[in-house]
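Subject: Structure for you to look at

Hi,

Here is the structure I promised to pass on. Please open it and keep it in view while you read the notes below.

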Amino acid sequence: MKISVRISALILALLSVMMLFACDGGTSAKTVDIGAVKEQIISELDITDAMDLQSDRLLNLYGIETADIKLSASFVTMGGVFPDEVVMVEAVDSAAADRVEEKLGARLDEVLVQAQSYSPEDYAVAKECQVQRVGNTVAVFISKDHAEMENIFNAGAK
């Protein structure tokens, strides 16, 4: 009797460990084709003045290290007092995604402070914007069209 209880406990422990390795909750498996999302945003929202931001520019503008970037798809527009900013970064790993998320959150905070001083309308829009994350892909859409952009981004998650 003691042996079968020990064997049952050992089997249960092994199964528990195997389940932990087999299932991570689905968070890291999700990806977003940010290049396709960028093109869809530009097309569907009829953006004609998008200026690409290459990965190497993200360090100067957002503090995002190039070593943290696997792929980026970003642009700004020059309309209005505050340009629209679309920044999407697929990070090299989860720790890098955490750092990118922190940097984009800090940028959103900066925009809030600036908009509060200059434009109540832009401030109201900026307050609605949020950093988005799907797996290791992190994005921020600072725009009056942020809700539509976020929907396109989230619909692109696979």
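Accessible areas come from the Shrake-Rupley method with a 1.4 Å probe. For this protein, the accessible surface comes to about 9,600 Å². Carbon and sulfur atoms hold 56% of that surface. Please keep in mind that this is a predicted model.

Now the overall layout. The protein has six helices and five strands. Along the sequence they run α-α-β-α-β-β-α-α-β-β-α. The chain counts 158 residues, and 35% of them are buried.

Next, the contacts. Take those between residues at least 6 apart in sequence. Of these, 55% join residues at least 24 apart.

Then the inside. Which residues have the most contacts inside the largest nonpolar core? They are Leu58, Tyr62, Ile64, Val87, Val89 and Leu104, in a core of 20 residues. Helix H4 gives the most, with six residues.

There is also a second, separate core. This one has 16 residues, including Val32, Ile34, Ile41 and Met149.

What does Val87 touch, leaving out residues up to four places away in sequence? The list is Leu58, Tyr62, Ala73, Ser74, Leu104, Val138, Ala139 and Val140.

Best wishes

How values were computed: Residues numbered from 1 in each chain as written. Predicted model: local features only at pLDDT ≥ 70, side-chain atom pairs only at ≥ 80, totals over all residues. Heavy atoms only, no water. Helix = DSSP H or I, 4+ residues; strand = E, 2+ residues; numbered from the N terminus. Buried < 20%, exposed > 50% of the residue type's maximum accessible area, 1.4 Å probe, protein only. Contact = heavy atoms within 4.5 Å. Core = buried A, V, L, I, M, F, W, Y, C linked by side-chain atoms within 4.5 Å.
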